[in-house]
Amino acid sequence: MRTISARSLALLLGSGPLPRPAYRSLADAVRRLVCDGRLLVGTRLPSERTLTSELGLSRTTVGAALDALRDEGFVSTRRGSGSVVCLPAGPSGLALSQAGLIPTDVPPDVIDLTYAALPAAAGVTAAYERALAELPRFLATPGYDPRGLPETRRALAGWFEGRGLPTSADQVVVTSGAHGGLSAVLRARLEVGDRVVVESPTYPNAIVGVRRSAYRAVAAQLTPTGWDVEAIELAVRQSGARAAYLIPDHQNPTGLVMDDATREALGAALGRAGAVPVVDETFVELDLDEAARTRRPAPFALSARETHTLGSAGKTWWGGLRVGWVRAPVGGVESVIEARHSLDLGTAILEQLVVADLVGQGEVLLVERRHEARARRDALVAALHRHLPDWRFTVPTGGLNLWCELPEARGDQLARVAEAAGVRLARGGQFGVAGGLDRWLRVPFCVAPDEADEVGRRLAQAWQLALRQRAAAREVTPLIA
């Protein structure tokens, strides 16, 4: 079980005086830390005595604050185990969804903001036409190829080479999306019950994928500026985790980018701990600012040779392609292919030909794709500043998401009432390994620029509804994507 020292908790709480009544202010401050995701569920709190000494408060004040948190369901206490951070269930509406993000039908008058994906890129139709012309030469074969077509693997190996990462086609396995690649890698490298360190917040379907494959997710909390290497190494060592799932390039949902020095340090730390880096690069080509592209960090696999790198055509080109890939370390491909057989027998031939065509065109099409995404980002940023000036976010240099901090911990209510205002949202808590994050909301900038103002207006209306709404009588978590 993770613990937090009295000193660390005091730093999170801040040094300012507590408004009276002090016990209520202390309880509210701790609750905000949980809802913000800065104090993780399952963390054991310091004893009342050490908190009293560190915070300079009376034992009565600290005890009353813990009692209030217990009554609200944010702390549970067991004899011999101390007080542990938890989340309320039932009426609070903070219970975790176990479904991840799942596509469902959307009413025609509702704008869906649960997808972080763009419509098909320019050039996809032409690539399909050329692929159809190539398809007949494969029709006399069975059509199963668990490694992937040689031309697709060569194209992807060349793409890695162009980024400075030496790669042979034999190191590449073509999969059915990056999610399929993640499942294959975990099955190849782990045993049932093994632990996997996962960033928090992170892509919800990765959390669910880890848990549904009978592994245990261990949270590594991201800081406002990125990755705390010492904290991640400590989490790996304390949990005995055998793998770490990371999104170093335009992290989903925060948009953060891991710099070269951190990649080197974290790669070394995971190597010392014997944990395999599983690196998700699905957003790597979506650098939206010229400066970001010129400073693009080197691939993580250069910092840790045991890295398994996941990629996908879904974010860059079109989600309907359903083609992903794994770049395995030398000698690691066969175990990935063997594990893949428990998932599927291969990736669609036609779509592999399309991806080989698109990758082969390189920067010619990517320039236009980035221009399109940048226009959508800038339009949505302007709309949020206009309609919701008290929402805070850092404009990312790439990716497809804004990670918004709300003025109040009402994210759960916001997601619940949003469709009444004509917009569908994913709850911030679904991006946390242990829930929380009720002050946060992911807003993908995937709508057309001329629709952005309407999105801002609907979000503002939904926010007003959330502020007025009382907690629902029971938790209702829609299946969303």
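Biologist: Is tryptophan 325 buried or exposed?
Modeller: Tryptophan 325 is buried, at 6% relative accessibility. Buried means under 20% relative accessible area, exposed means over 50%, and partly exposed is in between, using a 1.4 Å probe and protein chains only.

Biologist: What sort of model is this?
Modeller: This is a predicted model, in which local features need pLDDT of at least 70 and side-chain atom pairs count only at pLDDT 80 or more, while totals for chains, interfaces and linings use all residues. Residues are numbered from 1 along each chain as its sequence is written, and side-chain values use heavy atoms, with hydrogens and water left out.

Biologist: What is the mean pLDDT?
Modeller: The mean is 89, and 93% of the residues reach 70 or more. pLDDT is the predictor's confidence in each residue, from 0 to 100.

Biologist: Where does pLDDT stay under 50?
Modeller: One such stretch is residues 90–99, for which the model has 34 contacts beyond four places in sequence. Another is residues 471–481, for which the model has 34 contacts beyond four places in sequence. A contact means heavy atoms within 4.5 Å.

Biologist: Back to the rings. How many aromatic pairs are there?
Modeller: The count is 5 aromatic pairs. Rings of Phe, Tyr and Trp (its six-membered ring) pair if their centres lie within 6.5 Å; planes under 30 degrees apart are stacked, over 60 edge-to-face, and the rest tilted. Tryptophan 159 and tryptophan 325 form an edge-to-face pair, with 6.0 Å centre to centre and 75° between the planes.

Biologist: Where in the chain are those two?
Modeller: Tryptophan 159 is in helix H6 (residues 150–162) and tryptophan 325 in strand E10 (residues 324–327), 166 residues apart, and the pair links these distant parts of the chain. Helices (H or I, at least four residues) and strands (E, at least two) are DSSP runs, numbered from the N terminus.

Biologist: What else is there around tryptophan 159?
Modeller: Ring pairs link Trp159, Phe160 and Trp325 into a cluster. The charged end of arginine 163 sits over the ring of tryptophan 159, 4.8 Å from its centre. That label needs NZ of Lys or CZ of Arg within 6 Å of the ring centre and within 35 degrees of the ring normal. Tryptophan 159 is buried too, with a relative accessible area of 17%.

Biologist: New topic. Which residues touch the most other members of the largest nonpolar core?
Modeller: Leu113, Trp391, Leu414 and Leu459 do, in a core of 37 residues. A nonpolar core is a set of buried Ala, Val, Leu, Ile, Met, Phe, Trp, Tyr and Cys residues joined through side-chain atoms within 4.5 Å.

Biologist: Which element gives the most to this core?
Modeller: H16 does, with 7 residues. A second, separate core has 33 residues, including Ala121, Ala155, Val323 and Leu353.

Biologist: What does tryptophan 391 touch?
Modeller: Leaving out residues up to four places away in sequence, its contacts include Cys404, Leu414, Leu459 and Trp463.

Biologist: How many disulfides does the search find?
Modeller: The search of the whole structure finds 0. A disulfide is a pair of cysteine sulfur atoms within 2.5 Å.

Biologist: Last one. Which residues does tyrosine 23 contact?
Modeller: Apart from neighbours within four places in sequence, tyrosine 23 contacts Thr61, Ala64 and Ala65. Tyrosine 23 lies in helix H2 and is partly exposed, at 34% relative accessible area.
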